[in-house]
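Here is a friendly briefing to read alongside the model. Please have your viewer open as you go.

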Amino acid sequence: MALAAFSTAAPPQQQDQEPAQRRRSGIALVLLLPGVLYLVLFFLTPLVSLIITSFQAPVPDGDIGQYQAAFRWENYTESIAEYWPQIIRSFIYALLATAAALLISYPLAYFIGVKVRKYPLVQNLLMTLVIAPFFISFLLRTLAWKQLLSDDSWFTTSLKALSILPPDAHVTGTAFSVVFGLTYNFIPFMTLPLYATLERLDVRYLEAGSDLYANAFTTFRKITLPLSLPGIVSGTLLTFIPAAGDYINASQDFLGGADTSMIGNVIESNFLVLQNYPTAAAMSVVLMAVILVIVGVYVKRSGTEDLL
């Protein structure tokens, strides 16, 4: 009997470890508490409030902007039916801007992360130039491009003088100017993840490809591109997501026009001008839901689920 009781008892060392493990778990929970509270207050609470607002109905005989709690699904169906062109246009513009940013940023990140790796001073200087636009306001940068692309700017007048543009053509207020603005403003978001991946690329793999008589294109396709895939996925997500919801570049006050409005402009107009809060909230929820689906499918198909 004594032998059985002794065999079922935990070893003294294990008994000493259990309180220590509980103490460490308690400390971890205390350290996590501020972050959890922050997420609840500034993410979860606004999200729940937004969803509740999206189902509200107008107050009978009430003034503009007065709504009451309801469960009005028609806010979603009516909003999608009315604003579906802006929804489609938003994702097309964001996709074009993401593709253009990738084509520009990949060679730039490869040059900084691989080619000038032996020159740390030059590498740091080039990276500083990449992130330098972050030190200037997003609005000021976009407004500057509005001036540079205006009808009386040297750029537009030169294109008209060379007969590249018709005399009555405009650059601002077109799809080109909106996509150009999105591409320019979000290029750093694409370049930085690509640089972080390519800077860790082992160049011995590239040398091995050359030793096996692979040309530059084959080496890029078989070695560089697969190894840089995490940076490509991260960069495209960081570019596509904010570009899809952007409302600055497509605004008529900046680079856009009446026919280039995006879903962000619709949400801004309904919230701040029309005071149609349920429609604005419903469009915000639709935007988030569509982006989540696109991101989930994209990450799943690219085989980088660990990024989620």
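Predicted model: local features only at pLDDT ≥ 70, side-chain atom pairs only at ≥ 80, totals over all residues.

Residues are numbered from 1 along each chain as its sequence is written, and side-chain values use heavy atoms, with hydrogens and water left out.

**Overall fold**
- The protein has 12 helices and two strands, taken as DSSP runs numbered from the N terminus (helices are H or I, at least four residues; strands are E, at least two).
- With a radius of gyration of 27 Å, well over the 19 Å that the globule rule gives for 308 residues, the protein is more spread out than a compact globule; the radius is taken over C-alpha atoms, and the rule is 2.2 Å times the number of residues to the power 0.38.
- Along the principal axes, the C-alpha atoms fill a box of roughly 105 × 75 × 35 Å.

**Loop residue**
- Glutamine 275 sits in the loop between α11 and α12 (277-302).
- Glutamine 275 and isoleucine 64 are 211 residues apart in sequence, yet their C-alpha atoms are 6.9 Å apart in space.
- Leaving aside residues up to four places away in sequence, glutamine 275 touches Ile64, Gly65, Tyr67, Ser269 and Asn270 (contact means heavy atoms within 4.5 Å).
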